[in-house]
Amino acid sequence: MTAQTYEPGAKTSVAAISILASGGMASAKLAVGIAIGSLALISEALHSSIDLVATVITWAVVRVSDQPADAEHHYGHGKFESLSALGITALLYVLAGGILVEAFGRLHEGAPPPTISAVPFIVLVIDIAVNFWRARALHRAARATKSQALAADALHFASDVLGSLAVIAGLVLAALGFWWGDAAAAVAVAIMIALLGLRMARATAVTLLDRAPAGISERAEAAIRAVAGVVDIARMRVRMVGPTYFIDVIAKVPRIYPIDRVEEIKRRAQAAVSEALGDADLTFTAIPVALNDESVRERIMVIARNSGLAVHHVTVHDLGGKLIVGIDLEVDGEMALTAAHDIAQLLEQSIRDEFGADVEVDTHIEPLEPELPLGTDAAPERIETIKAALSRFAAETAIHDIHNVRVRDTEAGEIVNFHCRAAPSMSVIKVHENVDEIERALRRAFPTVKRVISHAEPPRA
């Protein structure tokens, strides 16, 4: 069966139609009940009148509850539906108490039975048909929109069907000569109203007390755990406001992940929860945790990042059980050596705190490259000179086909970029060693070259 969907104004439309039906049937039952002197029918008419009041309240409340969150209502306006359901419950109990008092009074006094004719039965049958249709329509709308107010209204009309059946039973008993039948039917109507109020009060209290909806936490947790990068869930809290599930989760993610990757995990978690639950608002708090399979290099990079330091070319060696670490640390080029050395020492101490006091750490301090150095393209003659030198140095290695050479003049010196080719079977390590040899030779031959950036490629197919 295809699920029925409702547009944002559907709750208001269903509630408005329900108002007209409630008003018409309540008036008909009250008129007939007074005419024949039936307390049961009058009670059912008053019950329908309460339903009319409830429907008017529902119609007004859903117009408010559909409004989005604002500066004063951060979770939206869904709680207005719960408050309206609580007020309707109070009206039901007041009505039930009044009916019981009048019914017991008539039983005690032995009041005469009502005048029986076909009219009240016709009105009640029509009322049953109308209420049955309204209950089904409201129930479908309530399920589609997760509206507590519409669900309460649907429950009202379902109880009206039972109430009308009880009134018919009382009138039949009165027609058969049992004078107490009508009053007994009124008592049955009052009991049904009270039970209805109890059910509504319980459902409303659950919502107002922010009890987690049954099964929602499990579904949300399963959806979040399925997101790549989520290691574990430390805590989850779920509450429902109107039709929206508000989910607050604290999830564990690998500490080696950069911020942008963590943000991607959050985005995917929101999408997963929305797909699983529909209308859901997820607050995702990430806790970085250490994984058992972290490498030594990754742990060192975490230490540097947590210290706000830029490091690269981290080398790690195990010499007979002793850990040897080498790091290139970038600092402001204008910083005094004393200050830079202090920073390096703090980094080295943090590494020893992580891996043990016997770890050997050597830090190479170098100036941090400017983010956007000013520069211009070098003259074509200079580029040709550099290219010729690169080709000459490459001839002494396993690298060949120097091409796409670019030279830029910057405030810090010349920057050289070039592409080259190597045998497809050559390992990355061997390629790197050969390219490094070319770069060192170029800087020795041209002292003005500040940096050399190479890009190795396999031969053309």
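Helix α12 (residues 428-445) lies across β9 and β10 and runs at about 150° to β10. Helices (H or I, at least four residues) and strands (E, at least two) are DSSP runs, numbered from the N terminus. Angles run from 0 to 180 degrees between N-to-C directions, and axes are lines fitted to C-alpha atoms, for helices over the stretch in contact. The model is predicted: local features need pLDDT of at least 70 and side-chain atom pairs count only at pLDDT 80 or more, while totals for chains, interfaces and linings use all residues. Residues are numbered from 1 along each chain as its sequence is written, and side-chain values use heavy atoms, with hydrogens and water left out.

The strands β9 and β10 belong to an open sheet of 4 strands with the order β7-β8-β9-β10 and mixed pairing; two strands pair if DSSP finds at least two bridges between them. At the edges stand β7 (375-377) and β10 (449-457), each of which pairs on one side only. On average, neighbouring strands of this sheet are turned by 25° against each other, direction ignored. Strand β9 (residues 413-421) runs parallel to β10 and is joined to it by 8 bridges; C420 has A456 in β10 as its bridge partner. Helix α11 (residues 380-394) also packs on this sheet, touching β8 (400-410) and β9 (contact means heavy atoms within 4.5 Å), and its direction makes about 140° with that of β8.

Strands of a sheet pair through backbone hydrogen bonds, either parallel or antiparallel. A further open sheet has 3 strands in the order β4-β5-β6, with mixed pairing. Because β4 (310-319) and β6 (360-367) each have a single partner strand, one side of each is left without a neighbour in the sheet. Neighbouring strands here are turned by 15° against each other on average, direction ignored.

Strand β5 (residues 322-331) and β6 run parallel and are joined by 8 bridges; E330 is paired with E366 in β6. Helix α9 (residues 296-306) packs on the sheet, where it touches β4 and β5, and its direction makes about 145° with that of β4. Helix α10 (residues 337-355) lies across β4, β5 and β6, at about 145° to β6.

## A nonpolar surface patch

V172, L176, F178, W179 and W180 make a nonpolar surface patch of about 480 Å². Accessible areas come from the Shrake-Rupley method with a 1.4 Å probe, and for residues only the protein chains shown count as cover.

L176 is located in the loop between α5 (148-175) and α6 (181-208). L176 is exposed, with a relative accessible area of 62%, where exposed means over 50%, buried under 20% and partly exposed in between.

Conventions. Patch = residues over 30% accessible without salt bridge, like charges linked within 9 Å, V, L, I, M, F, W, Y side chains within 5 Å. Salt bridge = Lys/Arg side-chain N within 4 Å of Asp/Glu carboxyl O. Buried < 20%, exposed > 50% of the residue type's maximum accessible area, 1.4 Å probe, protein only.
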